[in-house]
Amino acid sequence: MRRMLLATLAAVTAGIPVAQAGEGMWTPQQLPEIARPLKAAGLKLDPAQLADLTGDPLGAVVSLGNCTASFVSPQGLVATNHHCAYGAVQLNSTARKNLMTTGFNAGKMADEVTAGPSARIFVLERIDDVTAQVQSAIASATAPIERTRAVETLEKRLLSACETGGGYRCRLYSFFGGNTYRLFKYMEIRDVRLVYAPPSSIGNFGGEVDNWMWPRHAGDFSFLRAYVGKDGKPAAYSKDNVPYQPKHWLKIADQPLRAGDFVMVAGYPGSTSRYALVGEFRSTQDWLYPTVSRTYKELVAMVQAAGAKNPDVAVKYASTVRGWENTLKNFDGQLEGFRRTNALAAKQAEESAVLAWLKKQRRSGEPALAAYNTIEALNAQSAKTRERDLTVPQLGGTLGGAAVQLYRLSIERAKPDARRESGYQQRDVAGIEAVLKQMDKRYDSGMDSQLQAYWLNRYVGLPADQRVAELDKWIGGGDAKAVADAVARMHKSALGKDAERTKWLNADRATFEASTDPAIRYAVAVMPTLLKLEEARKTRAGELLVARPAYLKALADYRKAHGKAVYPDANSSLRITFGNVTGYTKLDGSKQAPFTVVEEIVAKTTGKEPFDTPKAAIDAIKARHYAGLEDAKLGSVPVDFLSDLDITGGNSGSPVLDAHGKLVGLAFDGNWESVASNWVFDPVMTRMISMDQRYMRWVMTVVDPAPQLLQEMGVPAKK
């Protein structure tokens, strides 16, 4: 892999648009385009060093599945955001022992606790280009549904070969809408333990009030540890497992970070839509974001009202509510950003220019124009049932959802493994079981009944042409009483108990269909509908397998022809982004400094959540007890800092590296003005918010001491 990238790096193609610091979530294969700009921005390492994805420093960067993290010691210690480890903290919390409030600090390895049966750390080992194989599979099929199935069959074959020997998780990624396909091979570490998490009054200081805002003062960090079997191979949780010993780990920066300094992030950004069609953007702006935001606000209010009366509900749904709140605020911020930047007009202008350019190409432009029209038609078709498609997956609540998954597993298990639906192969069973096992920690019958009733009432209010006969029959009517009766029936199910759920993991289809359990009866009733909807989605996907890459190839050609850099939309695969530490000017004209300092925490503290800083921190700040971690120019300990890097969800927890590849902080957010950049990048206003490693060390030295971890990371605590 390293030789391939180094060879590519040496063969920089003339005419490639020049990459610049700031915009761009660059793939490792695009190192030729970013080598010179990296050096120009201030990188002191040889850019070719980044070509070794398993070397220093990129070999230390790992994925948690929905966040990024990095090894920071030879004993498998992993640094990530507090909000990325929040689920693990919540799983280990109860109303009487709430670690979300108190924090968690394992004094020794024996005190570390499991992060949950579904927690994973993915260590990247290699990337292979499989574009030719996938495109051949697509070309061999004629009907749309056959294309989708051909790709699925090939994907299963590739994954099976890639995962031979066990201990690996592989994934096929599509880039530029299907113009490139790459197979990523990860070591899958399954024994993940919680090591350290500060109290929420530090890790989530400011809460939703400050979310996406600047200035920020959040100590958004936590530590996990990777464990493996005594043979060094991934294994399920066991007290006999030992810490994983990574080949590379990041070293804490030994030089102060200052304004203007180079910084770089390697991470796993989730999803962006910068190459989406105008129609897709308009649907998101006018329907999807407002609808989801409104829905989540209503759900949050329901859970918070119940949690105020029952602390057990508050604890069990804390992680879920935090996810809803983060999403709805992000969507609201994007909507505001769309209006502020007139994003629709910008998208329309580029799309019109691309279409005009294609028409000038005459015959050579016709396939791309036809592809564009196909995508538009498919989007219009999907829009007709979007309300139904948002609602139906939620109707069974937690119990019905579990029953549907278990019943589908029984259906698929009757087939040879290679022919099972993705998500239900043997490679997926452990993950399904893990989610079911931790359900008790995130389920309350009374709360779930309220949430299910919410969705069922929403469903019965749909227009008649969006209703589903099987669901109508199961509900038994369209009025409030019918909904209440359906919810009551559902929650008589035995699937609310862990032992019962486990029993059904290995049941066959006939056993399910003979069951009288209410949740299982629901699953059996709705499965034909779910399979029909799945078939329709796969048919549309088969159309897009041809149309989307044809249009996006033309779009990329247009951008290159006009001197614009081209990088693929984020898709949860490894990306590199780089730039410099810098402040910005808000819309009201106020200039924002690139760093915040601990004294500002005191000024912001009210004593009430989410501004309830621990007394130990307040006392230390007032006494100017900096433990030698103050910055000479700032005259204090820095807390968070800004830079002009391009990130999105999934980048949370990404290590921020300095010019020498050393750890200076952890990325955890973007500013309010930047969130619309998922669709249209704004270089003037977009800023990444990161926690400074000096604040992390200060907390671990002065506020909630963890000298054992600081020693392990090679930065012993100062007095």
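**Close-up views of a predicted model**

**View 1. Helix α2 and the glycine that follows it.** Glycine 42, which comes after α2, has a positive phi near 125°. Helices (H or I, at least four residues) and strands (E, at least two) are DSSP runs, numbered from the N terminus. The model is predicted: local features require pLDDT of at least 70 and side-chain atom pairs count only at pLDDT 80 or more, whereas totals for chains, interfaces and linings use all residues. Residues are numbered from 1 along each chain as its sequence is written, and side-chain values use heavy atoms, with hydrogens and water left out. Helix α2 (residues 31-41) is largely enclosed by the rest of the structure, because eight of its 11 residues are buried. Among the buried residues of α2 are Leu31, Pro32, Glu33 and Ile34. Buried denotes under 20% relative accessible area, exposed over 50%, and partly exposed the range in between (1.4 Å probe, protein chains only).

**View 2. The seven-stranded open sheet.** The strands are ordered β13-β12-β18-β19-β20-β17-β16, with antiparallel pairing. Because β13 (575-580) and β16 (595-597) each have a single partner strand, they stand at the edges, and one side of each is left without a neighbour in the sheet. The twist from one strand to the next averages 30°. Strands pair if DSSP finds at least two bridges between them; β17 (residues 638-643) and β20 (residues 688-692) run antiparallel and are joined by four. Leucine 642 stands opposite isoleucine 689 in β20. Helix α2 packs on the sheet, where it touches β12 and β13, and its direction makes about 30° with that of β13. Helix α25 lies across β16, β17, β19 and β20 and runs at about 35° to β20.

**View 3. The crossing of α24 and α25.** The axes of α24 (residues 615-622) and α25 (residues 693-703) come within 10 Å and cross at roughly 100°. Axes are lines fitted to C-alpha atoms, for helices over the stretch in contact, and angles run from 0 to 180 degrees between N-to-C directions. The two helices α24 and α25 are therefore roughly perpendicular, a class that covers 65 to 115 degrees; under 35 counts as roughly parallel, over 145 as roughly antiparallel and the rest as oblique. Ala616, Ala617, Ala620 and Ile621 of α24 meet Trp698, Val702 and Val703 of α25, contact being heavy atoms within 4.5 Å.

**View 4. Salt bridges across the chain.** The structure holds 40 salt bridges, each a side-chain nitrogen of Lys or Arg within 4 Å of a carboxyl oxygen of Asp or Glu. Aspartate 669 and arginine 216 form one, with their closest N and O atoms 2.6 Å apart. This pair links distant parts of the chain, 453 residues apart: aspartate 669 is in strand β19 (residues 663-670) and arginine 216 in the loop between α8 (207-210) and β10 (222-228). Both aspartate 669 and arginine 216 are buried. A further salt bridge joins aspartate 254 to lysine 662 (3.1 Å, N to O). Aspartate 254 is exposed, with a relative accessible area of 52%, whereas lysine 662 is partly exposed at 25%.

**View 5. Aspartate 428 in its surroundings.** Aspartate 428 lies in helix α16 (residues 426-437) and is buried, with a relative accessible area of 8%. Apart from neighbours within four places in sequence, aspartate 428 is in contact with Arg169, Ser422 and Gly423.
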